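Open the model in your viewer and keep the selection tool ready.

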Amino acid sequence: MMFANPDVEREVLLSIILFPDEYSIFVKSLETGDFTLEYHKKVFQAIKTLLNEGKKIDAVLLSNDVPDIAKFIDESPVPAAANIQDYIDELKKLKLKRDLEKLGLGIVSSLKKGIKVEKILSGITRYIQSLDIQIDALHIKDLAMQVFMDLEKEQKEGKRRPILSLTPVADILRKGEMTVIGARPGTGKTAFALKMAYDLATQGKAVYFISREMTGEQITKRLFAKCSRIDAEKFIKATLEDNDWKEAANALNEISKLNIFIDDKTSHVEDIYLKVVSKNVDYLIIDYLQLLQTYEKAQTRDREIGIITRTLKVMNLDLNIPVVVLSQLNREGAKEPTLAALRESGNIEQDFDNVIFLHDKNKDKEEEETEETEETNFKKLKLIIAKQRNGKTGKYDIYFEPSLMEFYDVWKGEPIGHQKERKTV
Amino acid sequence: MMCGRVSLLDTKKREKQYEELLGLLNEIEKSNPKQKEIYKAIYKKKLDLLMKEFDLWLARANAELDKKIKEHLKRKENT
């Protein structure tokens with residue numbers, strides 16, 4: 001058989017049998033499928049069974065399932081037990097090659113049989129999902145725990161971090177549709193995207209959040225502010241007061257339950273597919289378009305953005321999940337943004353099914369006084385649905401409370417729900 | 001004058017391994033025929049491994065020694 005090495009398989013098994021105290025720990029990283037010879041599979045399965053039963057690996061006990069184990073030991077060459085990790089790595093590589101070979105043959109055979117391409121793609125996707133692909137995204141639970149511990153440490157040490165500018169995000173979410181949320185810098189894009197991710201995750205959805213602007217830690221601190229209803233600045237600058245810690249701990253508990261994956265590493269659009277597919281997510285949010293790159297060479301930035309949005313669209317159709325992409329609008333032009341404001345490439349408009357703008361009316365007035373409420377906690381924003389493939393367009397007033405990273409609907413000119421008390425879990 | 005030493009054998013580790021083998025021999029004596037067969041195979045393999053490790057060390061030590069002797073002779077010629 002190609003992509004198999006029975007000698008290495010035997011070495012690994014023999015090392016484990018001869019030196020169980022040292023090498024039984026390696027059994028966990030192996031599977032029956034890593035072995036190709038039926039006899040080796042049988043020996044490995046017997047080893048695994050013993051461990052699963054809480055027993056120690058013992059050749060005499062193994063002989064119950066493998067009666068000729070003495071012969072196997074006796075006839076095998078002397079192992080080089082010190083290299084077991086290298087040998088296991090080799091077995092894993094060979095297994096992957098065998099699987100890929102099988103997948104390739106399967107694809108060819110399916111094509112010959114005239115099976116629908118969509119069905120073949122779905123099979124490939126399932127296969128990729130079954131692989132243990134190492135990805136760069138971290139589960140929100142791990143990030144939340146890390147941020148919480150860092151906060152405690154920072155406050156104890158009196159360490160200060162630079163104040164980070166707040167940024168924004170948005171949504172309209174249907175399977176296979178791609179939504180762009182455009183806003184000028186500083187309007188609240190990332191906060192809006194986070195709201196979407198948070199709301200979806202609290203409904204039990206899995207969200208993959210690609211952040212090219214902020215680190216996972218920065219994003220998580222904002223989520224802490226949102227959940228605990230404690231000023232985000234306190235998390236950012238590590239200045240929590242004594243009575244905040246209980247709420248922060250509750251927020252940690254709440255965040256840990258959310259199925260959000262924060263990926264602040266992926267920069268190339270072509271890499272997104274595998275990572276998202278391997279996590280089996282319900283929604284994908286990308287913050288933000290202009291910070292994505294492509295491996296394809298484009299002569300101009302416009303074309304590059306075009307390639308990126310086209311790739312995203314293809315991926316969106318294949319994944320069949322809602323994809324939300326944030327996009328930064330030009331600072332110029334203080335008036336309400338229109339579809340023409342989507343900068344850098346016309347493809348943005350073409351490739352997206354839905355277009356939403358977040359507009360800060362106060363920025364229109366530039367030097368004039370702002371319309372912020374007297375507490376100055378809220379920003380009045382306009383949510384503009386400029387394009388919706390399967391729905392209406394429209395404009396809505398909303399309030400944004402930057403300190404808590406929260407958005408509110410407007411009722412009789414006032415934000416609804418902002419007075420809700422701190423939650424306890 | 002020759003300087004430096006050849007790699008040393010981990011005698012403490014080997015002593016422990018020999019002790020383990022001795023324990024295995026005692027087990028063989030006490031065990032039933034089926035167990036005896038298995039323990040014998042393990043004993044033999046472990047002993048072979050110890051021997052192999054020793055042979056490898058000896059080969060490496062000899063090579064190091066040869067190299068040092070050559071260097072020594074070369075230096076002697078030059079002086």
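Which helix gives the most to the negative patch? Select helix 1 of chain B, residues 11-30: this helix gives the most, with three residues. (Helices are DSSP runs of H or I with at least four residues, strands are runs of E with at least two, and both are numbered from the N terminus.)

Before moving on, note that this is a predicted model, in which local features need pLDDT of at least 70, side-chain atom pairs count only at pLDDT 80 or more, and totals for chains, interfaces and linings use all residues. Residues are numbered from 1 along each chain as its sequence is written, chains are lettered from A and ligands numbered from 1 in the order in which they are written, and side-chain values use heavy atoms, with hydrogens and water left out.

**Stop 1: the negative patch**

Select Glu22(A), Glu15(B), Glu19(B) and Glu20(B). They gather on the surface as a patch of negative charge. A patch is made of residues with over 30% relative accessible area and no salt bridge; like charges are joined within 9 Å, and nonpolar side chains (Val, Leu, Ile, Met, Phe, Trp, Tyr) within 5 Å. Asp and Glu count as negative, Lys and Arg as positive, while His and the chain ends are not counted. The place of a Glu charge is taken as CD.

(Buried means under 20%, exposed over 50%, and partly exposed in between, with a 1.4 Å probe and protein chains only. The areas come from the Shrake-Rupley method.)

**Stop 2: salt bridges**

Side chains of opposite charge can pair when their charged atoms come close. A salt bridge here is a side-chain nitrogen of Lys or Arg within 4 Å of a carboxyl oxygen of Asp or Glu. How many salt bridges does the structure hold over all chains? There are 19.

Select Glu38(A) and Lys41(A). Their closest N and O atoms are 3.7 Å apart, in a salt bridge. Both residues lie in helix 3 (residues 38-52) of chain A, three residues apart, so about one helical turn separates them. Glu38(A) is exposed at 59% relative accessibility. Lys41(A) is partly exposed at 25%.

Next, select Lys95(A) and Asp99(A). Their side chains form a salt bridge of 2.7 Å, N to O. Look along helix 6 (residues 84-113) of chain A: the two are four residues apart, about one turn of the helix. Is Asp99(A) buried or exposed? At 19% relative accessibility, Asp99(A) counts as buried.

Now go to Asp353(A) and Lys313(A). Here the salt bridge is 2.8 Å, N to O. Asp353(A) is in the loop between helix 15 (347-351) and strand 7 (354-360) of chain A, and Lys313(A) is in helix 14 (residues 301-319) of chain A, so the pair ties together parts that are 40 residues apart in sequence. Asp353(A) is buried at 5% relative accessibility, and Lys313(A) is buried at 14%.

**Stop 3: the backbone**

Select Asp287(A) and Tyr288(A). A cis peptide bond joins them, with omega about -5 degrees. Tyr288(A) lies in the loop between strand 5 (283-287) and helix 14 of chain A.

Jump to Phe3(A), in the segment before helix 1 (6-18) of chain A. Its phi is near 55 degrees, a positive value in a residue other than glycine. Phe3(A) is partly exposed, at 26%.

Finish at Ala238(A), in the loop between helix 11 (232-236) and helix 12 (245-257) of chain A. Its phi is also positive, near 55 degrees. Ala238(A) is buried, at 1% relative accessibility.

How values were computed:
Accessible areas come from the Shrake-Rupley method with a 1.4 Å probe; for residues, only the protein chains shown count as cover.
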